[in-house]
Amino acid sequence: MASARRVLAVLAPDLELEEHAFGGTAIRSHGDSLPEETLEACRRADAVLKAPIGDPEFDAADVRPEQGMLRLRAELDVYTNLRPARDGAIDMLIVRELVGGLYFGARGVREDGTVFDTCEYHPSQVERIARRAFELARERRGKLTSVDKANVLETSRLWRRVVHEVSAEYPEVDVEDMLVDNAAMQIARSPEQFDVIVTENMFGDILSDLAAAMTGGLGLAPSASLGDGGPGIFEPVHGSAPDIAGKGIANPAAMLRSTALMLDHGLSRANEARRLEAAVDDALETTPTPDLGGTATTAAFTDAVLTRLGD
Ligand code: IPM
Ligand code: MN
């Protein structure tokens, strides 16, 4: 986030930036991972730029950083999660449903000790994410892969039926269904076959880490979470990397690419977004961090980005 703030100060100096506690930090200061004042500030904002907020300190705790994350996504109803993965011939966009499925279904413990989480989708939830995905595919290479587990799950059979109903409105998009196990193999084996992938929350969580691994790793993977009109949330796909915390060597590329997605989708500043993307691509070549086999610190990588922006 420090890196993103440095870049924004140069690229969009007129932007009004506010910082609010969230996740692990907020649990320590407020006893709540999403304090009311943070939620209200997010609602009032044009866009939310979010840093990783987890901390293994809370792994076994009742109040966990991730709960605030899921609540914020639900409160802002950011149902479309865009996770682009690009590298060489690979150019795919995972469109992950973000506010339904296993993450938000009924859960609990039965009397006999059985623990359960349920995967639930209403047809309208599938319809709106499918529509978004078709619209995105139409603007790209016109190919949409819908990923499900329709050979086993009722929710997947619903997913498949609704995607096909919506497809009638987008004759210019080629749509295919793929079972999630096969999709994992195909992403690992020939990721360049994919254009847009649309899938439910949990499958999208897992496949987007795989797609990141195929395109340089989690240090490079950004995301944008969008609703209908309200503020979007822009955040890296990766977590807080506690193993390297405080060492000053985290790769800020995913955070900066998320900042570019924010400039583009959240603030209608496409021009600045393109400039930042190009500067990050450039810094990845000239000034790689240790996760990419280089030696640059987070600050040195950011310096390279700023130098390029000043050219
Ligand atoms: C992600 C993360 C989150 C998720 C966790 C931290 C709740 O893994 O954004 O991919 O599973 O959605
Ligand atoms: Mn994840």
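I searched the whole structure and found one cavity of 30 Å³ or more. The model is predicted, so that local features need pLDDT of at least 70 and side-chain atom pairs count only at pLDDT 80 or more, while totals for chains, interfaces and linings use all residues. Residues are numbered from 1 along each chain as its sequence is written, chains are lettered from A and ligands numbered from 1 in the order in which they are written, and side-chain values use heavy atoms, with hydrogens and water left out.

**Cavity**

I worked on a 1 Å grid over the protein atoms alone, where a cavity is a set of points at which a 1.4 Å probe fits but cannot get out; lining residues have an atom within 4 Å of a point. I listed its lining as R83, P84, A85, I94, S208, A211, A212, A221, P222 and V237. Strand 2 (80-87) and helix 8 (201-214) are the elements that give two or more residues to this lining; helices (H or I, at least four residues) and strands (E, at least two) are DSSP runs, numbered from the N terminus. By class, I counted eight nonpolar, one polar and one charged residue in the lining of the largest cavity.

I then turned to the second largest pocket, which holds about 550 Å³ of space. A pocket is an open set of points with protein on both sides within 12 Å along at least five of seven lines. Of the 27 residues that line this pocket, E66, M69, V237, H238 and G239 are the closest to its centre. Helix 4 (65-75) gives the most to the lining, with five residues; helix 8 and strand 10 (232-236) each supply at least two.

**Ligand 1**

I noted that ligand 1 takes up the space of the second largest pocket (more than half of its atoms lie within 2 Å of the grid points). Around the ligand I found E66, R73, R83, R96, Y103 and D205, each with a heavy atom within 4 Å. I recorded polar contacts (pairs of N or O atoms within 3.5 Å): oxygen atoms of ligand 1 lie 2.8 Å from the side chain of R83, 2.8 Å from that of R96 and 2.9 Å from that of D205.

Key
Polar contact = N/O pair within 3.5 Å; in protein donor to acceptor, adjacent residues only side chain to side chain. Points joined across faces, edges and corners; volume = space filled by probe spheres on them. Nonpolar A, V, L, I, M, F, W, Y, C, P; charged D, E, K, R; others polar.
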